[in-house]
Amino acid sequence: MKNHLTENELIEYQFKLGSQEQQNTSHEHLAGCGECRERLEKLNKKYAALDLLREDAHVSEELISQVMAQAKQPVRQKVVPFYKSSWFGAVAAALVLGFVFLVSNLNTDKPTRQQLAKGPEPKGKAAIKESEAKHEAETARPTREFVQDTGVTTEMPTVATEPAQEEAITRIVAKETSDMIAPTKVSALDITAVEAAITPTTKPISEQPPFAPASAIELVTLPRRDKVQLTIYNSADFTLVRERRNLTLKKGWNWLQFMWANTLIDPTSLSMEPLDQMEKIDIQQLVFPARLRELGRWLIRSEISGQVPFEITYFTSGLSWRAFYMGTLSQDEKTMKMQGYVRIGNNSGEDYEEAQTRLIVGKVHILDQIAELAKRQYPYNRPISLGKMGGRGGDYDVGGMMGGIKGDNMRDSFMFVDEKLSRKEIRKEGLSEYFLYTIEGTETIPNEWGKRLLSFEAEDIAVESLYKYDEERWGNQAIKFVKFTNDEEHNLGQTPIPNGDVKIYGYADEQGFLSYVGGTGIKYIPVDEEVELNLGPARLVEIEPKLMDFKTENYIFDNNGDVSGWDEIRTWKIEITNTRTLPIQIEITRGFGTAYWTLQSGTPYDKHDASHARFMLELEPRSKQILEYTIRTYHGTREESLNQ
Amino acid sequence: MENTDKSLIDAHCQGDPAAFGELVRRYGDRVLGYLIKMSGNREQAEDLFQETFKRVHEKAHTFRGPQFKSWLFKIATNAALDGRRRSRRMKAISLNQQFDSDNMNSEQLGVIATADDSYNPSEQASKAEQTEQVRQAIELLPERQRATLVLAYYQQLSYTDVAQVLGCSVGTVKTQMFRALKTLADKLPEI
């Protein structure tokens, strides 16, 4: 008979890894060789351990619904990486430059093309235009070139000049009205050119701002979000969003339109500030045009033309975070490695890309739930017509901002001006006492996604393992605790540790396999504060108290011959068994139900409180120890004898 | 009559949301099981699950057949490998999965277990430990070997299908499988 099959051959046979010929040969051999069959059986038994992991995974309905929600979103088209081929990139760059040059010349040299393309104006707007004619005469230009930073060089409300590289997902919209059109020849692809254009021109700015009609159909460009910062509170459904966008302004009046459809932002909290050229830019009003929902327009007076960075802030709901921790005890349980994680969830309706994320620990007091504010149909109230405004106090002076357009032309229009109505306040108390965590770098948190991030990692945290036994608190089982301090000495202490669940693992053997030791929830741990983690029942440490003797004595009788005082004497024997391979320290607390007691024991103890004593014992690995004590409790008039 | 995978994909491309849902339900459990074993962590696996079906949604129009299952697992494998590269700095401990999935502490486990008449604490503890050893052993395998093992052994794909998923030859798949089994032979617990 051929030599026995090797282990490799047996594996190949069992898992059909060899050729058909090898399989047949092995099969024939096995048919006639009991020893090899036995080895094969042994091998199978070993690999049967793999089946321990053959559990069924079930997808939750929640997960399916999240996936389905994702699928409802439009597919984002991948941008073809032109730069991958250097010669192709050069050709493309030349073409783009040529196109930009051509467009630029077309716009300045042939102004009438734009007007022709506009077609006839709607009749409803004619009257408005008439009243604006004076301003138009001063400022109107037939071209409507608009520049922003995303690669969109021009916006021409003529025909299909769709922006080539726009970010369709952003929602801030730069909107122009006809009387603030000022041509710029800068290209958004060239930041230097844009900055050069930020120079005051001599053209005077009209005193009256233009009117932005509440038109539902607009042609817009979408400046992308350059930076975004999220400050997420864990005590309330409340997140502060600060985002930076480069917006292109014209000298004169500008309308900027902000839309938040299908998100959970609180429109009453919207705010916008320029980060540059502040003295030349005046943000005058935020208006919420009637009939158009989830949309606001800022009126900005600018003395410059060009690109300016703006910061837009608002509150949103739907973002949340929670902390959790994993600790791994060393084999001797004297040190612990700890990893802190945060899980951030986003159901705000908006994707936040490359967001700097800050997490706030602490309670914030808010007047309204942001989610409720976000769901309002209109930011402040139901819209009312100008004709009815007088009936509500008559102090809504919107005429100033509408360029003097009053009367019938506006009778059916609706508009709200937040400067004129009381603004919802978000009250914050003691913010400086909260702690702020900043997640390193930036993170993309798409809508309906959750993300787990590492918040800190500390090695070799010195810990004290302690077992506690207290029947009144935990019954007849020992509880394991791990104690450490959140300070530098313990390789921590850089920040407070927010509340969350902790799971502790220990090394099960020398091969490094881990086993679960216990878990608990922790509350906020300030710096330099000691923390004791309750890891649950210790199954390898057993405590068995036995009452060995009980008697009463020292009876005192009153004048009637009734018992008025006596002593009870109990002798206890507590057997403590440590079946662990490590030495342990155990704290045993005994309660006596009275404050009048004396205790005798060969083991030292502390009086923990009026009715409790505490013993602290140390046990060697795999050892037993006996704790014996006799407790005398005083009752009735005998209590007085103790005081004497 | 049950719709074929191809017909569902075609319907999805034409905007039928129900078709995509049916695909998710049809393959969801298997894909999630695969991703749990690939990532060693249910929470991460759920993220990868979303990513996988996001990619399926986005790339549906590129599917040319014939086997949707291989194509799907190929996407899941790429998502898992990408996810692993991204999350390397997080150094997630695989054991976390154990708790994420049941989210119980030892006391709760005790209560539930004692309600079951067949509960045997030492047996349960021993089985849990062995399961953990298997999980650890698989997790320590190189990514390709792990993917091969999980696809061939747990997902019961043929070596030809595994080769399609991983984009390599059948011979390479068999070599990876053999190496994985050899490594595991020393690390699997005796049961």
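**Entry on the model.** I noted that this is a predicted model, in which local features need pLDDT of at least 70 and side-chain atom pairs count only at pLDDT 80 or more, while totals for chains, interfaces and linings use all residues. Residues are numbered from 1 along each chain as its sequence is written, and chains are lettered from A and ligands numbered from 1 in the order in which they are written. I wrote down an ipTM of 0.74 and a pTM of 0.43 for the model.

**Entry on chain B.** I found ten helices and zero strands in chain B, with helices (H or I, at least four residues) and strands (E, at least two) taken as DSSP runs that are numbered from the N terminus. Of its 191 residues, 43% count as buried; a residue is buried if 20 or more other C-beta atoms lie within 10 Å of its own, exposed if 12 or fewer, and partly exposed in between, with the C-beta atoms placed from the backbone.

I then looked up the confidence, for which pLDDT is the predictor's own value for each residue, from 0 to 100. Chain B averages a pLDDT of 76, and 78% of the residues score at least 70.

**Entry on where the chains meet.** I found that 49 residues of chain B are in contact with 41 residues of chain A. On the side of chain B that touches chain A, the elements giving two or more residues include helix H3 (42-59), helix H7 (121-139) and helix H10 (170-187) of chain B, but H2(B) gives the most, with eleven residues. By class, this side of chain B has 21 nonpolar, 13 polar and 15 charged residues, where Ala, Val, Leu, Ile, Met, Phe, Trp, Tyr, Cys and Pro count as nonpolar, Asp, Glu, Lys and Arg as charged, and the others, Gly among them, as polar.

For chain A I recorded 13 helices and 27 strands, and buried residues make up 29% of its 644 residues. Among contacts in chain A between residues at least 6 apart in sequence, 75% join residues at least 24 apart.

I next looked for nonpolar cores, each a set of buried Ala, Val, Leu, Ile, Met, Phe, Trp, Tyr and Cys residues joined through C-beta atoms within 7 Å. The largest has 74 residues, and Ile232(A), Tyr467(A), Val482(A), Ile504(A) and Ile586(A) touch the most other members. Strand E9 (residues 319-329) of chain A gives the most to this core, with seven residues. A second, separate core of 57 residues includes Tyr13(A), Tyr27(B), Trp71(B) and Val165(B).

**Entry on strand pairing.** Strands pair if DSSP finds at least two bridges between them. I saw that strand E23 (residues 584-591) and strand E26 (residues 612-619) of chain A pair in the antiparallel sense over eight bridges, and that Gln585(A) stands opposite Glu618(A) in E26(A). Strand E25 (residues 605-609) of chain A also runs antiparallel to E26(A), joined by four bridges, with Tyr605(A) opposite Phe615(A). Between E25(A) and E26(A) I found a hairpin of two residues.

Which residue lies 4.3 Å from Gly349(A) in space, C-alpha to C-alpha, although 86 residues apart in sequence? I found that this is Thr263(A). Gly349(A) sits in the loop between strand E10 (335-346) and strand E11 (352-361) of chain A, and it is partly exposed because 17 other C-beta atoms lie within 10 Å.

Most residues other than glycine have a negative phi. I noted a positive phi near 55° for Gln277(A), which counts as partly exposed because it has 16 C-beta neighbours inside 10 Å. Glu333(A) likewise has a positive phi, near 60°, but Glu333(A) is buried because 20 other C-beta atoms lie within 10 Å.

Technical notes. Two residues are in contact if their C-beta atoms, placed from the backbone, lie within 7 Å.
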